Structure formats: structure tokens, C-alpha cells
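The entries below follow the order in which I looked things up.

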Amino acid sequence: MTNNDTIVALATPSGSGAIGVIRLSGPEAITITDKVFKGKSLAKQASHTIHFGTIRDGEAILDEVLVSLFIGPHSYTKEHVVEISTHGSQYIIESIIKLLIRTGARAAKPGEFTLRAFLNGGMDLSQAEAVADLIASNSASSHQVAMQQMRGGFSNELQVLREQLIHFASMIELELDFGEEDVEFANRDQLRDLINKIHRVLYRLISSFEQGNVMKNGVPVVIAGKPNVGKSTLLNALLNEERAIVSEIAGTTRDTIEDEMSIKGVVFRFIDTAGIRETADIIEAKGVERTREKMKQAKLIMYLFDPVVQAQEEINEQLEELKVLGIPFVGIVNKKDLLDLSLIDSLDGFGLNFISAREKEGIEELKGEILRKVNLHKISNDDVIVSNIRHVEALQKTEEALGRVLYGLDNPVTSDFLAMDIKQALYYLGEITGAVTTDDLLDNIFSKFCIGK
Ligand code: GDP
């Protein structure tokens, strides 16, 4: 990997738009642009300035453009960066990029701008990953976690603890240098205190993952209930559009529908309706185990009843079954429009929600209940939330390694083993922020970025 190249890519989405922004980064970003830009000499301009002019291929004018200058290290990548805002025609953009490549730039690889920002110390690895999350964020909550992580999140806290641990590792290494002599440079009580402190931080971060994951990816929801109870109709009412096929014939909802709705900034992701069909027979003897497995993927079950065709005892039994599953659920009585008051009264006290999916009655109240059931407490800007599976895995491995160090401190374990386990913990902690990286790790992370980011 060489940082001597100057890279170029379209930074805005491909296709036509009002404008397109072509970005260059690298030592030659300004000189290459100067060769094709007719206007002021860019090399003589100050950083963070914008200049009007034309891009020319020989005598031919490709476009009138605005050029923004960022002189390294005061830029996203810490290198010289030029952003050329063109008219958003695909033809213009392609022609200018080809021209810049002929003039000495090279096409950027996916995520290469952000990779350079990381390699040049502009951000740590978890912040670089947050840039991708931020671009992908599609709700208030996913935006909030990504933004918090990009602004530093838990990196600083981990960095401080890591440095303290490094200190102990070097003290223990020093003991090893003295070999046979019985010296102890690393105070064991202090080390134990530090590890306990790190454990508490790790515990807090690891336990935040469940919420972080839900905020980032949405709450998986299953809608279940007997055939014809109105599951597809309810899904439509919730999504407020006729996407699922509503049918009079039981078992016709076969299409896989993965849909999302957002309530007050929290995304709910419906597990496919083939799943609904399957989970319909949850209480029936056949397939109960299999359907339970399916239900376990959900963080919330919406279970529908139709008292016109289901006796009260059956409803009772199913509610009991649901409680045993241990997953938050909302019991819903549908087709309220068909029920007489005495039937509604008789079901009072079961904590059920009465709706009419077809008439769209009670839907707003139901949404409120759904939100209460998942109990996502609002996080403040200071709360640190882990939402990245790679981070949580590294945190767990750190925790295991530190557990071995604690064991070693309380048992007759030699210093070289202690040192080894501390080093392991340091390795995994470092993986999160990128203090420790391998080419594979970087490839894996940045190849998922889009080109131009
Ligand atoms: P699913 O098999 O559980 O997905 O049930 P559907 O959503 O396909 O609905 C089955 C039938 O019940 C359809 O004819 C719907 O129009 C009807 N239905 C759904 N909700 C209501 C409702 O609130 N009131 C009435 N009267 N009919 C409903």
C-alpha cells in the first residue's frame, strides 16, 4: 500500500444529479488539478478556499466547475485534497475522471480515502468504521450511534486503560529479564485493581451491544397468530401501504416480505411473512419446536387473536404459551369491528390491545405499546454504546484474556504466563481502535466501503 499515489474518485452517487463532486487526495492532488484547470493557479491559493474556472482537455472545455482546496494536513485524509464540483452529468464526470487519471492520478479503491485518514492518524479504526455506519444510517437511532462512535465514542477510554496495561506488561517483562532473581517490579495489587477497573468498563460496553445492535439494525419483530386472523392486514396498516398480499384464503401469504417501519426514530424490522405463516401454528403440536426457534430470532412478538373464531380458553392458553417463550410480546385482538361489547368486556384484564386492522383503528395506540414493550431507553449523548460486532468480539476476547491474568495472580503462575495473557488482552484492545492491525483486517473493513469514501 503506497500513500505516494494521488487517488481520484467520484464522491457523490453515480447517475445524474444537479452536481457531482470528484475528489482527489495525495501529494499531487493540487498539481494534477492545476494542469487541467483554467482559472487561478491553485498551487498559489490558501487552504479551505473555493475557485471558479473550467476543466479543459486540451482546448476542449469539459465543464465549468468550482474547485475546493484543502491543503494537507488540514483535510479529511490529512493529505492534499481537491474537490471538483461539476455539473452532474455522467458523461462530464467520467470524462473529467479519465482526464485526471491520464494526468497522473489513479482510480481510488473502495474506502481508500477513509483508509488514508486512518493510516495518517486522522481517526482511529472504530471511527473510520463509524463513517460507513453514518453513511448507511437510515433512522434517528442508527444515526445517533454512528455519530457518537465517529466522534470518539469509547476509543479514548479504551486508549487510557490500554496504556496503563502496557505499563504493567513492561514491568513484568523487566522481571523476566532478571530471571532467577526474586524481583517484583509490577505491583500485583495495583495490577489487580487495574484489571478489575478494565473489567467493569468492558462489562458496560459489552452489555450496551444489545441496545446498540438494535439501534443500528432495527428491532426484529414477528407477527404471529392463526391463519386469517389478519396478520397481513395489520402489517399493511403498520406500514401504511398495500405491500403484502391480503387474501381470504388461509395460507396464501407466501411472498417473503422484509419490511421496516419506524416509530419515533426506532426501526422495527419485520421477519418475513413466510415466517408469519410458519409461526401461525406455534401452539399446535406440529412444528412447535421449529417455530419456537423462529420466534427466538425476534425481540418482539405481535400475536393476533380473533375471538369470533377462537374461544376464550384457547386465547388464554396461547397467552400462557407466549409467556413461557420469554420474549416480549404484544397480545392483539383484531377485527374489533365485528365484536360485540360483551365479548370485548369478557376479555378485559388480559392486557390485550383491541384493534381493527382493516379499519385502521387502534393502530396508533398499538404503536405506543410496541415502543413500550421493547423498552429502549433513550440514550443520552454521553452514553457509550457499542454497535459493531467486531468491537464486541474483541471486547469479549479482552475480557477472557484478563480473566486469565486475574487467575494467574491468585495462583502459582509464573510471570512469563502473566505477561503472555496481558499481551493478548492488549492485542485485542488494540484491534478495536486500530493500534494493532493486519492487512486482512483493514482489507475486510475498507472493502465494504463504497468507492469515493
Ligand atoms: P392472515 O392470514 O393472518 O395474514 O390474515 P389476512 O390479513 O390475510 O386477513 C384475513 C381476512 O380477514 C381478510 O379477508 C381481511 O380483510 C380480514 N380482516 C383483517 N383485519 C380485519 C379487521 O380488522 N376487521 C375485519 N372485519 N376483517 C379483517
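**Entry 1: overall content**

How many helices and strands are there in the protein? I find 16 helices and 13 strands, where helices (H or I, at least four residues) and strands (E, at least two) are DSSP runs numbered from the N terminus. I note that this is a predicted model, in which local features need pLDDT of at least 70 and side-chain atom pairs count only at pLDDT 80 or more, while totals for chains, interfaces and linings use all residues. Residues are numbered from 1 along each chain as its sequence is written, and side-chain values use heavy atoms, with hydrogens and water left out.

I looked up burial next, with buried meaning under 20% relative accessible area, exposed over 50%, and partly exposed in between (1.4 Å probe, protein chains only). Of the 453 residues in the protein, 49% are buried. For contacts (heavy atoms within 4.5 Å), I read that 64% of those with a separation of 6 or more are between residues 24 or more positions apart.

**Entry 2: helix 2**

At the start of helix 2, I see a side-chain oxygen of Ser 89 within 3.1 Å of the backbone nitrogen of Tyr 91. Just after the helix, Gly 104 has a positive phi of about 130°.

Which residues of helix 2 are buried? I list Ile 92, Ile 93, Ser 95, Ile 96, Ile 97, Leu 99 and Leu 100, and these pack against several elements, including strand 1 (7–10), helix 1 (29–36) and strand 5 (60–70).

**Entry 3: helix 3 and Phe 446**

Helix 3 (residues 112–119) has seven of its eight residues buried, so it is largely enclosed by the rest of the structure. Among the buried residues I noted Glu 112 and Arg 116, along with Phe 113 and Phe 118. The cover over these buried residues includes strand 1, strand 2, strand 7 (106–107), helix 4, helix 15 and helix 16. After helix 3 comes Gly 121, with a positive phi near 85°.

I then followed the chain to Phe 446, which lies in helix 16 (residues 439–446) and is buried at 3% relative accessible area. Phe 446 and Thr 114 are 332 residues apart along the chain, yet their C-alpha atoms are separated by 8.0 Å. Leaving aside residues up to four places away in sequence, Phe 446 touches residues including Thr 114, Leu 115 and Phe 118.

**Entry 4: helix 6 and its two partners**

Two packed helices are described by the angle between their axes and the distance between the axes. Here axes are lines fitted to C-alpha atoms, for helices over the stretch in contact, and angles run from 0 to 180 degrees between N-to-C directions.

How do helix 6 (residues 155–177) and helix 7 (residues 188–217) pack, and at what angle? I read an angle of about 150°, with the axes 11 Å apart, which makes the two helices roughly antiparallel (angles over 145 degrees count as such). Their crossing is left-handed, that is, the near helix is turned anticlockwise from the far one by less than a right angle. The contact includes Leu 161, Leu 165 and Phe 168 of helix 6 and Leu 194, Ile 198 and Val 201 of helix 7.

Helix 6 also packs with helix 15 (residues 415–433), at about 155° and with axes 9 Å apart. These two helices are therefore roughly antiparallel as well, and this crossing is likewise left-handed. Among the contributors I noted Leu 165, Ala 169 and Ile 172 of helix 6 and Ile 422, Leu 426 and Leu 429 of helix 15.

Ser 126 is in helix 4 (residues 125–136) and counts as buried at 1% relative accessibility. Its side chain makes a polar contact with the side chain of Ser 155 at 3.0 Å; such a contact is a pair of N or O atoms within 3.5 Å, where within protein one must be able to donate a hydrogen and the other to accept it, and residues adjacent in sequence count only if both atoms are side-chain atoms.

Met 150 touches Gln 127, Ala 130, Val 131 and Leu 134, not counting residues up to four places away in sequence.

Technical notes. Angles under 35 degrees count as roughly parallel, over 145 as roughly antiparallel, 65 to 115 as roughly perpendicular and the rest as oblique.
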